[in-house]
Amino acid sequence: QWKPETPKEMKFEVWGQEGQPILPIIFRDDTQRVLAIVHKLKVNGFICGAVVAPACSMRTPRLRVTCGSNFTKESIDRFSELLRDISEETPSSGIYD
């Protein structure tokens, strides 16, 4: 859950389909923020890829999160909470504002 005071531009979108192991997490228009978030996740023990232009549109840079059958509910919950917290504390680069 997002905090009520979290501005829309700080939130991300989860694309993909239920039951698929790959979750694209979109941070609209902010490649620099995606790269910063990937680094912060790594420091906290989670490895995920950054997909940025030219591999995707400049407007939809994303994290590429791969979920495995060995993930526990606790590890998924920890990742989700950490991603939300990091997203809220990592400012937009303002490039496309």
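Visitor: Does D29 count as buried or exposed?

Guide: The general idea is that buried means under 20% relative accessible area and exposed over 50%, with partly exposed in between, using a 1.4 Å probe and protein chains only. Here D29 counts as buried, at 18% relative accessibility. This is a predicted model, in which local features need pLDDT of at least 70 and side-chain atom pairs count only at pLDDT 80 or more, while totals for chains, interfaces and linings use all residues. Residues are numbered from 1 along each chain as its sequence is written, and side-chain values use heavy atoms, with hydrogens and water left out.

Visitor: Which residue forms a salt bridge with D29?

Guide: A salt bridge is a side-chain nitrogen of Lys or Arg within 4 Å of a carboxyl oxygen of Asp or Glu. In this structure D29 pairs with R59, their closest N and O atoms being 2.6 Å apart. The pair links distant parts of the chain, 30 residues apart, with D29 in the loop between β2 and α1 (31–43) and R59 in the loop between β3 (49–51) and β4; helices (H or I, at least four residues) and strands (E, at least two) are DSSP runs, numbered from the N terminus. R59 is partly exposed, with a relative accessible area of 46%.

Visitor: How many salt bridges does a search of the whole structure find?

Guide: The search finds 5, among them one between K3 and E88 (3.4 Å, N to O). K3 lies in the segment before β1 (13–14) and E88 in helix α2, 85 residues apart. K3 is partly exposed at 39%, whereas E88 is buried at 18%.
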